[in-house]
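The sequence and the coordinates are shown below, and the description follows them.

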Amino acid sequence: MPAVAWFRRDLRLGDNPALSAAAALDGQVVPLFVVDPAVWDPASDVRRAYLVDSLRALDADLDGQLLLQHGDPVEHVVAVARAAGASEVHVAADYGPYGVQRDERVRAALAKQGIELVETGSPYAVAPGRVTKDDGTAYRVYTPFYRAWMRHGWRAPAADVEAEYVMPLECHGYPERPDLPFALPAAGEAAALERWAAFRAAGLTAYDDTRNFPALDGTSSMGHHLKWGEIHPRTILADLGDSAGEETFRKEIAWREFYADVMHQRPESARASMDVRFDDDFAWDSGERADALFEAWAAGRTGYPFVDAGMRQLLAEGWMHNRVRMVVASFLVKDLHLPWQRGAAHFMRWLRDGDLASNSHGWQWTAGCGTDASPYHRVFNPVGQGERFDPNGDYVRRYVPELAHLPGKTAHTPWDTLGGYDHGYPERIVDHAAERLEALDRFAQMKGSPKT
DNA sequence: TTTTGAGTTGTTCGA
DNA sequence: GTCGAACAACTCAAA
């Protein structure tokens, strides 16, 4: 009797314990992916295109046996399991706010047919909820979490699977892949393993030094592979030693796990500030002027070159360097006084690697309302950050053509440079020094102590 | 039990 | 130019 392996955010065959568990029954497996309107409909073109690419790669790895269905998972998972005569549906546990309730509904519907939903593993090295303080509650500070996560440890990568893949129903085919004005990086398990090998060979040793400089190819670019589970973090961790670069990269993996753990503990924190004062009491701006400022930010027309380069990179590539993500986030929240949720939604729309937990909590860190929050007085200077992390101005010139004529670091200060505005670059939409003081003032006006 | 010190990513100001 | 202090309040672990 075959078992169903229902893929969701684990689009790979290697190091896949849920797939191994499905194959362990009698070797026959129905590999299923359901294109769920609840996930598909709100997704941007970037995210849709990447998902289609990733599904095609998985299908190829399965010799064309991936069964695609479109619609409500409750309906389709049950129908596929019944058609296959399966008594078990195997999944990797999903800990996201939507995934948890979806899986509850599917579990209940399957149970009515005498079919079991079996969870094996998760998209994390350590499943959310496993690392706790001695009193059993969850960590709210990263560094203690990291130490406890290291002590907890994780399994070795799972063995390769031997299975016969079968398709008991007609396949619905791929959803339409939107045309993008740019090329996405290659999707799929082979591409993920290739990128990981290349990064290990070329970038990992210097990662500690180079990851903060957006003009360099110093980051791993593994985010989109991890987001869809084309590689498991455990596969990555198994390759990491103790050099400075490896330790720093392990800590980045741990950030992903920390934020997933926090969101599991507080599902509403995907949209709501952990410190509720920031949603209830804080003096965010709104209205026509605020909307115009938001549009300028989103389009990369704030007049601050480093910010604009980042926002334009996002639109041009579906990706933004992490250092610049922090700078543009700080600018939206502390210079424009707009709520972090507006920026987070824009990021999730455009980032090919947008992960709900990391995105929401990264923004909350910047806004000062989240777990392990940035101190309120930590306001990034958009010019200083540019001069420090893009000292030659290469990053700015790459993404802001109106500044391409300005040499070296002068690209960061067109207002101080003769001919700085000759090619149509916009004036600064706000005065950073003034808005920094305004932000500090609004924080000071918020009453009481943090309410989490 | 209480106390103490550290805690991803910063900036400004004054000496 | 460099350097330390100040910019809060809270969480957590260790002493």
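A residue is called buried if 20 or more other C-beta atoms lie within 10 Å of its own, exposed if 12 or fewer do, and partly exposed in between, with C-beta atoms placed from the backbone. The model is predicted: local features need pLDDT of at least 70, side-chain atom pairs count only at pLDDT 80 or more, and totals for chains, interfaces and linings use all residues. Residues are numbered from 1 along each chain as its sequence is written, while chains are lettered from A and ligands numbered from 1 in the order in which they are written. Helices (H or I, at least four residues) and strands (E, at least two) are DSSP runs, numbered from the N terminus.

**Strand β2 and its partners**

Strand β2 covers residues 28-35, and seven of its eight residues are buried, which leaves the strand mostly covered. Two strands are said to pair if DSSP finds at least two bridges between them. By this criterion β2 runs parallel to β1 (3-7), to which five bridges join it. Within that pairing, W6 has L32 of β2 as its bridge partner. β1, α1 and β2 together make a right-handed β-α-β unit; a crossover is right-handed if, with the strands pointing away from the viewer, the path from the first strand over the helix to the second runs clockwise.

β2 also runs parallel to strand β3 (residues 67-70), with four bridges between them. Here F33 stands opposite L68, and V34 stands opposite Q69. With strand β6 (residues 164-165), β2 pairs in the parallel sense over two bridges, and Y165 of β6 is the bridge partner of V29.

In a regular strand the side chains alternate between the two faces of the sheet.

**Loop residues with positive phi**

Two residues other than glycine have a positive phi. For D15 the angle is about 45°, and for H337 it is near 60°. D15 lies in the loop between β1 and α1 (17-26), where it counts as buried because 26 other C-beta atoms lie within 10 Å. H337 belongs to the loop between α15 and α16 (340-350); with 19 other C-beta atoms within 10 Å, H337 is partly exposed.

Helix α18 spans residues 382-389, and its buried residues are P382, Q385 and G386. Seen down the axis of α18, these residues fall within an arc of 100°, so they line one face of the helix; the arc is that of the directions from the helix axis to the C-beta atoms. The buried residues of α18 pack against α14 (305-317), α15 (322-335), α19 (394-399) and α20 (432-445), where contact requires that the C-beta atoms of two residues, placed from the backbone, lie within 7 Å.

Which helices each supply at least two residues of the surface near DNA strand B? They are α6 (142-152) and α18. A residue is near a strand if its C-beta atom, placed from the backbone, lies within 6 Å of it. Of the 15 residues around DNA strand B, Y142, T143, R378, N381 and G384 come nearest. The residues of this surface divide into eight nonpolar, five polar and two charged. In this division Ala, Val, Leu, Ile, Met, Phe, Trp, Tyr, Cys and Pro count as nonpolar, Asp, Glu, Lys and Arg as charged, and the others, Gly among them, as polar.

**Separations along the chain and in space**

| Pair | Separation in sequence | C-alpha to C-alpha distance |
|---|---|---|
| A444 and Y376 | 68 residues | 9.2 Å |
| D36 and A92 | 56 residues | 17 Å |
| R200 and S220 | 20 residues | 8.7 Å |

A444 is placed in helix α20 and counts as exposed, with 9 C-beta neighbours inside 10 Å. D36 lies in the loop between β2 and α2 (37-40) and is partly exposed, with 18 other C-beta atoms within 10 Å. R200 is found in helix α7 (residues 189-202); R200 is partly exposed, since 18 other C-beta atoms lie within 10 Å.
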